[in-house]
Amino acid sequence: MTFNRTLKAAMIGASLAALSAGAASAKTLVYCSEGSPEGFDPALYTAGTTFDASSRPVYNRLVEFEPGTTSIGPGLAESWEISDDGLEYTFKLRPGVKFQTTDFFTPTRDLNADDVIFSFERQQKADNPWHQYVAGAAWEYFNGMGMPDLIKSIEKVDDLTVKFTLAKPEAPFLTNLGMDFASIMSKEYADKLAADGQMDMLNQRPLGTGPYAFVAYQPDAVIRYRANADFWGGKQKIDDLVFAITTDAAVRAQKLQAGECHVMPYPNAADVEGMKANADLQVMEQEGLNVAYLAYNTTQAPFDKAEVRKALNMAINKEAIIDAVFQGAATPAKNPIPPTMWSYNDAIEDDAYDPEAAKKMLEEAGVQNLSMKVWAMPVARPYMLNARRAAEIIQSDFAEIGVNVEIVSFEWAEYLQRSREKDRDGAVLLGWTGDNGDPDNFLHTLLGCEAVGGNNRAQWCNEEFNDLVTRAKETADQEERTKLYEEAQVVFKREAPWATIDHSLVVMPMRKNVSGYVMSPLGHHSFLDVDIQE
């Protein structure tokens, strides 16, 4: 079995090396990605690994985040108008936008309003034939952000004009449309798949308007794309884009240094200084718009008691996690949003690391001989490079206060799915990188009542907190929103549905000859307008 795996890895490596060498007239960029996508329909998922492989290369959205920023600019919509009452958003679509021509589909028409309506209504309407085309489809972002109740209607004004009517004002609505779940699909392609009885292919063979067209996926090994010759933003300088799926950070680093890949994410912290000293590499760094956390299941005893959660939080040595996992390249987190985000409440005091006080609090709460599970992610994420190591430190910390911890993990897609379940046991290590630069994307998306059973892994529905974050997104007054979010952070800290762990520095190593790559504060790995210098 070991021989077979080794042989397979060698064959894949040789194949990538040959592809990278390529013909003199073609350019191939190999990205050593950290994991496999759950699928290729971005609206079905929430993981950055999946978005990197689907929404970033293949699709576009009505509005797009300008590279390197959280600012919104034109995308498939070249302009838009918002009514004075904030209830109507009218988008003028860019004319002449073509869908990708692939081996499995040839489009006969350009992008129009029907594609936009299809892309959203399949998520919103339970009677839409595409609503459950994948068994158990939860449309986590769409539902967790309250979109079903928010969007009153979507109308086709004409082929190039679409109007969204909202049931109430929603301050972050425009930036939300720049998120991955809002990627625009081809209705013509979907109709063909439905007619052929192959609806599941929408999640396996993606087709959009983006810079790269999907070619093939070898599960857990390689994803291949080619430049979209008809891309409305201009054909890319890279002809072939390859994702070489490499889950081990040390192996990714070896491949990068050997020239087998051009770019890699999430290096081990201990490897970064060596990469910086390598003349063949360049290492980009950026403060991450992120947070790592341990989410208790607040519906299960004894984690349904805030005093128990607070006691456990006080037993966690965050500095030890940061030293071991990040070599110090992170800061302890006290709030559920990063300090670089507006409305961050710096007046809040973090729970002190105090094992003796934590032990006493558990005793006073009547908790003795507690055994629990701590879930550790199987993949590196920007906010947590080594979840297993972090879980081991938490296990040791909890042992000091008499709490026995079993560390469990699952394959990444299964981990994400199981951790959403309302009856899940134990506490889950996870985290978040902001999707749009708005506090709502953390506070409501991760902790609101509508996100329970989805992105709200704590299964926490607190009426006081939920009222504050709901009111905050219903006003356009940023000063008022800031006050409400600051109050919400006070409630969060008092109730402690999470142990907040860290906010990390994001490091992106790549070969020296890669040019045009722009780090995203939103954690995207996009190869738009990237080139390789010969």
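In strand β7, T161 is the bridge partner of K92. This pairing comes from a predicted model, in which strand β5 (residues 88-93) and β7 run antiparallel and are joined by five bridges.

**The four-stranded sheet**

- β5 and β7 belong to an open sheet of four strands, ordered β4-β5-β7-β6, with antiparallel pairing.
- The edge positions are taken by β4 (77-82) and β6 (151-158); each has a single partner strand, so one side of each is left without a neighbour in the sheet.
- From one strand to the next, the twist averages 20 degrees.
- Helix α4 lies across β5, β6 and β7, and runs at about 165 degrees to β6.
- Strands of a sheet pair through backbone hydrogen bonds, in either a parallel or an antiparallel arrangement.

- Strand β8 (residues 212-218) pairs with strand β9 (residues 222-227) in the antiparallel sense, over six bridges.
- The two strands form a hairpin with three residues between them.
- In the turn of that hairpin, D220 has a positive phi of about 65 degrees.
- β9 is also joined to strand β10 (residues 240-244), by five bridges, and these two strands run antiparallel.
- R226 of β9 has a partner in each of the neighbouring strands: R226 is the bridge partner of A213, and R226 stands opposite D240 in β10.

**Packing of α4 against α8**

- Helix α4 (residues 113-124) and helix α8 (residues 187-195) have axes that come within 8 Å and cross at roughly 60 degrees.
- On the α4 side the contact is made by D114, D115 and F118, and on the α8 side by K187, E188 and A190.
- Of the residues in this contact of α4 with α8, four are charged, two are nonpolar and none is polar.

**Helix α17 and its surroundings**

- The buried residues of α17 are F465, N466, L468, V469, T470, A472 and K473.
- These buried residues pack against α16 (440-447) and α18.
- The N-terminal end of α17 is capped by N462, which has a side-chain oxygen 3.1 Å from the backbone nitrogen of E464.

- Side chains of opposite charge can pair when their charged atoms come close.
- D180 and R56 form a salt bridge in which the closest N and O atoms are 2.9 Å apart.
- This pair links distant parts of the chain, 124 residues apart: D180 is in the loop between α7 (173-176) and α8, and R56 is in helix α3 (residues 55-58).
- Both D180 and R56 are buried.
- K168 forms a salt bridge with E474, with 3.1 Å between the closest N and O atoms.
- K168 lies in the loop between β7 (161-166) and α7, while E474 lies in the loop between α17 (463-473) and α18 (478-495), so the pair ties together parts that are 306 residues apart in sequence.
- K168 counts as partly exposed because its relative accessibility is 32%.
- E474 counts as partly exposed as well, at 31% relative accessibility.

**A salt-bridge network**

- A network of salt bridges links K310, K318, D350, D351 and K493.

**Helix α15**

- The side chains of R418 and E414 meet in a salt bridge, at 2.7 Å from N to O.
- R418 and E414 are four residues apart in helix α15 (residues 412-419), so about one helical turn separates them.
- R418 has a relative accessibility of 33% and therefore counts as partly exposed.
- E414 is partly exposed, its relative accessible area being 32%.
- Q417 is also found in helix α15, and counts as partly exposed at 44% relative accessibility.
- Q417 and G453 are 36 residues apart in sequence, and their C-alpha atoms are 9.9 Å apart in space.

Definitions and conventions
Residues are numbered from 1 along each chain as its sequence is written. This is a predicted model: local features need pLDDT of at least 70, side-chain atom pairs count only at pLDDT 80 or more; totals for chains, interfaces and linings use all residues. Side-chain values use heavy atoms; hydrogens and water are left out. Two strands pair if DSSP finds at least two bridges between them. Axes are lines fitted to C-alpha atoms, for helices over the stretch in contact, and angles run from 0 to 180 degrees between N-to-C directions. Contact means heavy atoms within 4.5 Å. Ala, Val, Leu, Ile, Met, Phe, Trp, Tyr, Cys and Pro count as nonpolar, Asp, Glu, Lys and Arg as charged, and the others, Gly among them, as polar. A salt bridge is a side-chain nitrogen of Lys or Arg within 4 Å of a carboxyl oxygen of Asp or Glu. Buried means under 20% relative accessible area, exposed over 50%, partly exposed in between (1.4 Å probe, protein chains only). A polar contact is a pair of N or O atoms within 3.5 Å; within protein, one must be able to donate a hydrogen and the other to accept it, and residues adjacent in sequence count only if both atoms are side-chain atoms.
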